Amino acid sequence: MLGLQANLAKFFLLAALVPPATVAIARRASEIEGADAAAGWTAATIAVGSGSAIVGALLAGRAADLGTRSARSRWWVLFGGTALGVLALAWMSLSRSGWELAVGWGLAQAGLSGAIAVSRALLTHVPAIRRERSAVVMIAVSSVGLLIPIALLMLLPGSAWGTSICLALCAVAVVAIALARTPAPADVQHHPRTSAPAPESEPSAAPRMSWGAVLVLGFSSQVALSAYLTYHPLDIVTRLGLEWDQATQAGTLVLALALLGLVGASVVMLIFPRMLGRTLPLLTIAGVLLVSGLVLRAMTTSLALLAIAGLLSGIAIGISTTLLFTAALALTTSERAGWRLGVYSAVIGIGSLIGPSLVLGAVIAIRGVADYSALFLLLALIPLSWIAVALTAILRPRRTGAR
């Protein structure tokens with residue numbers, strides 16, 4: 001039940017963040033500041049939100065490790081972050097300047113991203129033998145949850161803010177139910193703990209990765225993902241020559257197929273969890289698919305090919321995200337789960353913080369303008385580095401053995 005509640009909470013938290021990040025921020029920036037300044041304000045707003053997400057994840061993670069470190073105390077931290085996110089989203093929906101938009105997104109990201117970090121920590125209260133499967137389920141369920149706002153935006157392209165706020169309120173309801181059903185620590189003190197780490201002899205398919213490798217890979221993948229999502233709506237408008245409502249529907253179609261690919265990859269690994277032990281081959285496959293998707297995205301003006309590119313990218317992100325989270329959870333115990341997974345969330349947030357501005361700045365330095373085709377080609381260098389590292393690590397033992 002605890003795993004189900006944690007998964008549902010993250011389901012709605014991530015879904016609430018999608019509409020502003022994919023459509024509403026860029027559209028509001030264009031309406032407030034004009035089309036010429038939209039890219040800069042969008043990048044600035046995303047950067048402020050990403051910085052706040054880092055702080056929120058660290059603070060929420062630290063708060064989750066205070067006191068009894070029980071599931072109930074961590075649910076209270078999650079509730080506080082979600083409530084802050086709801087209020088901030090409501091403020092953003094009424095923003096009248098770029099600064100209000102940026103500050104509102106900063107508060108929303110601090111609250112909701114902190115809550116997401118705590119939802120990850122709650123999985124350490126699941127019995128050790130079930131944690132790995134719970135981690136894969138969380139990735140898959142969260143991705144399915146992202147399809148809800150995508151579908152609503154396709155049907156009602158002007159409903160981004162209302163959709164986001166309603167989904168965040170659903171997260172509040174899930175947390176409230178969890179708090180009502182979770183007993184206080186005094187009521188379970190005579191029951192055996194279920195948060196002890198798995199015995200060393202217990203078989204596991206969790207990828208054999210060091211903590212540093214998990215953080216580096218998470219950082220690089222988030223740089224690519226955040227830049228992709230930040231400039232996705234503006235690129236669709238420019239590439240297809242559409243008005244905002246039509247561009248929103250076309251863009252959400254591409255994202256929906258990307259999410260289907262992500263969910264499909266997660267479901268396959270849920271059915272065949274031993275695949276997760278083949279870290280380097282899976283990382284290579286993810287890199288090849290992501291490079292293919294990004295290059296195709298940069299070279300085409302066809303909506304059908306853009307959708308195929310989104311599907312390839314989604315499968316790649318599904319593979320890499322599942323690898324990372326199962327590895328992070330396998331390296332974490334319940335006693336320090338809040339801080340450790342808060343650091344994991346913060347490093348991902350750092351990738352979101354510098355990704356859009358760094359990539360856009362590099363493109364402008366090279367091309368002189370915000371060339372979105374060049375931007376997606378530049379992003380393809382990130383998964384190319386995954387392929388190079390993975391192939392080097394695979395071939396090195398063979399060369400050593402041959403000698």
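Q: Is F376 buried or exposed in this predicted model?
A: The model is a predicted one, and the relative accessible area computed for F376 is 0%. Because a residue counts as buried under 20%, the word for F376 is buried.

Q: How many aromatic pairs does a search of the whole structure find?
A: Rings of Phe, Tyr and Trp pair if their centres lie within 6.5 Å. With the whole structure searched, the number of aromatic pairs found is 4.

Q: What is the geometry of the pair formed by the rings of Y228 and F376?
A: The ring centres of Y228 and F376 are 5.4 Å apart, and their planes meet at 75 degrees. Since planes over 60 degrees apart count as edge-to-face, the pair of Y228 and F376 is edge-to-face.

Q: How many residues apart are Y228 and F376?
A: Y228 belongs to helix α7, which covers residues 211–240, while F376 belongs to helix α12, which covers residues 372–379.

Q: Which class describes the pair of Y231 and Y372?
A: The centres of the Y231 and Y372 rings lie 6.2 Å apart, with the planes at 35 degrees. Planes under 30 degrees apart count as stacked and those over 60 as edge-to-face, with the rest as tilted, so the pair of Y231 and Y372 is tilted.

Q: Which residue lies over the face of W211?
A: The distance from the ring centre of W211 is 4.2 Å, and the residue placed over the face of this ring is R340.

Key. Residues are numbered from 1 along each chain as its sequence is written. This is a predicted model: local features need pLDDT of at least 70, side-chain atom pairs count only at pLDDT 80 or more; totals for chains, interfaces and linings use all residues. Side-chain values use heavy atoms; hydrogens and water are left out. Rings of Phe, Tyr and Trp (its six-membered ring) pair if their centres lie within 6.5 Å; planes under 30 degrees apart count as stacked, over 60 as edge-to-face and the rest as tilted. Helices (H or I, at least four residues) and strands (E, at least two) are DSSP runs, numbered from the N terminus. Buried means under 20% relative accessible area, exposed over 50%, partly exposed in between (1.4 Å probe, protein chains only). A charge sits over a ring if NZ of Lys or CZ of Arg is within 6 Å of the ring centre and within 35 degrees of the ring normal.
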